[in-house]
Amino acid sequence: MNILIVEDEALLALELQSELEEAGHHVTGHAMSMGEAVALAEARRPDFAFVDIHLRDGPTGIEVGRILARDNIPFVFVTGNLKRIPEDFAGAIEKPYSQNGLHNALAYISALLRHADWRVHHDPGRAPPGLVPAPACIRA
Amino acid sequence: MSEDSHRDGAERAGRALLDSHVSEDPFAAAFKATRMPMIITDPRQEDNPIIFSNRAFSELTGYSQDELIGRNCRLLQGPDTDPAAVERIREAIRQELPVSQDILNYRKDGSTFWNALFISPVRNDQGDVIYFFASQLDFSGIRHREAELASARQAAEETVLRQTTDLRAALEAKTMLVHEVDHRVKNNLLTIASLIRMQARISTNRTVKDTLKSVLDRVEAMGMVHRKLFTMDDVARFDVGEFARELVVDVVSALRRDDIRITMDISPVLVPANRASPLALIVNELVGDAVRRGLKDGGGLIHVQVRRLNGHFIISVSDTVEPVPVDPEEQQFGRLILETCAKQVGATIEREERGVETTVLVTLPVGNIAEGSQS
């Protein structure tokens, strides 16, 4: 998958990128603010995105999520504060995630997105424990 | 009728009233001498004038008896007298009914007093109203105290409101601070883990990689403790059962083997937050030990138990694996963590090996973690 990372901590973004590449994915861009995220999402049209909620310009990750959803780009939040996520919005990988937790979440997500009609195949009950499902989970 | 003739009529009526009583009439004497201000009016004369007033009434109002006779009671009214109160009195007199009314009245010098006025009609044998009798009670003092009480109460309410607002602001600031610290701790724990992962990734030395992976494993367990602590609404409690369930599923799934079977017998066991780390590390060591001794190499069975049993709290991990040689230093490190954490919470460790099945049972009296624990 072509993946966009939206994360204002450069070290965390770098490590996440390594993990994704090791798992055979391509990181198509790294944004640290809402403006960068929106510009990269439009320019690169990623297949998927990891979105931190607290970005360089404040808690703007939620808004990034809304724009991605509008543009039909599936994503999950990556955040230390699940309570910030509006109900019925997207699923999340909670910080600090473990390597195992991330691998399992990624495996679930990439298996799911192989289906064009992935929403039908999504089952929050079968999602790995590292992926905290919202009712709509990794929604677009 | 002129002012003078009006007063003459009233005086005559007053005298007639007095004359009907002998001079030693105790009622008349009482009327004159009482400290209760009183007047009598004659409704049969035009404009219902005062025909008699006592000394107490003059003392209250500042008007002499001469100034009062022939005048209507409205001379006590002033700009701030409530017209509705006046109207109620007027209506009662028109209907010849007794009336009790608090009213703001004015003295001759223009000062005011609160008057608890009571008026009652006096009837003759034929039932006609021949007089109105009115008594007054100056309750300005009471009104004043009421006002003082009301103002004191208002001041108290304002103080409470102000302090509540301050407390609420302080609580909000504190909540924000907790969230900020929580956010920092989580980011820092993830940053520490990321640094270790990066170095492990860069390193080409197998031993270095394994060592860093070993450290990472424990750091991540600590991270998971913190994550679980703040996910619960009650940040003072930690559910060891929930932690064990997530840990074993995460660890085993990440091995990507379909020849591993997990079984669990897990109940919620809530412990105080300060016991979370040692208990979580115990679970982590037990699961990690099973993985190292063969689960990751040849698959097998793993059974995890977290529950209360006979007044004890038990954590037990059984595995059935084809044993593989384990790095002795890694094994030593794992045992050291397990034993040290067990010592901290006052737990005993029993290890039983039967063929390819190994069971490690950690038992601690519920009393050791009793505060806040439940099954």
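**Exercise 1. State whether A:Glu7 and A:Lys95 are buried or exposed, and describe how their side chains meet.**

Solution. Both A:Glu7 and A:Lys95 are buried, where buried means under 20% relative accessible area, exposed over 50% and partly exposed in between (1.4 Å probe, protein chains only). The model is predicted: local features need pLDDT of at least 70 and side-chain atom pairs pLDDT 80 or more, whereas totals for chains, interfaces and linings use all residues. Residues are numbered from 1 along each chain as its sequence is written, chains are lettered from A in the order in which they are written, and side-chain values use heavy atoms, with hydrogens and water left out.

The two side chains form a salt bridge with an N to O distance of 2.9 Å; the term requires a side-chain nitrogen of Lys or Arg within 4 Å of a carboxyl oxygen of Asp or Glu. A:Glu7 lies in the loop between strand S1 (2-6) and helix H1 (10-22) of chain A, and A:Lys95 in the loop between strand S5 (92-94) and helix H4 (99-113), so the pair ties together parts that are 88 residues apart in sequence. Helices (H or I, at least four residues) and strands (E, at least two) are DSSP runs, numbered from the N terminus.

**Exercise 2. Identify the salt-bridge network that includes B:Arg292 and B:Glu285.**

Solution. First, the side chains of B:Arg292 and B:Glu285 meet in a salt bridge at 3.8 Å, N to O. Next, both B:Arg292 and B:Glu285 are buried.

**Exercise 3. Characterise the interface of chain B and chain A.**

Solution. Begin with the contacts (heavy atoms within 4.5 Å): 27 residues of chain B touch 24 residues of chain A.

Then take the buried area, the accessible area (1.4 Å probe) that two parts lose on being put together, summed over both. This area is about 2500 Å², and carbon and sulfur atoms give 53% of it. B:Leu190, B:Arg201 and B:Arg227 supply 24% of the area that chain B buries against chain A, more than any other three residues.

Turn next to the charged pairs. Four salt bridges cross the interface, including one between B:Arg201 and A:Glu15 at 2.5 Å, N to O.

Lastly, assign the elements. Helices H6 (140-202), H7 (206-231) and H8 (240-254) of chain B each give two or more residues to the side that touches chain A, and H6(B) gives the most, with 12 residues.
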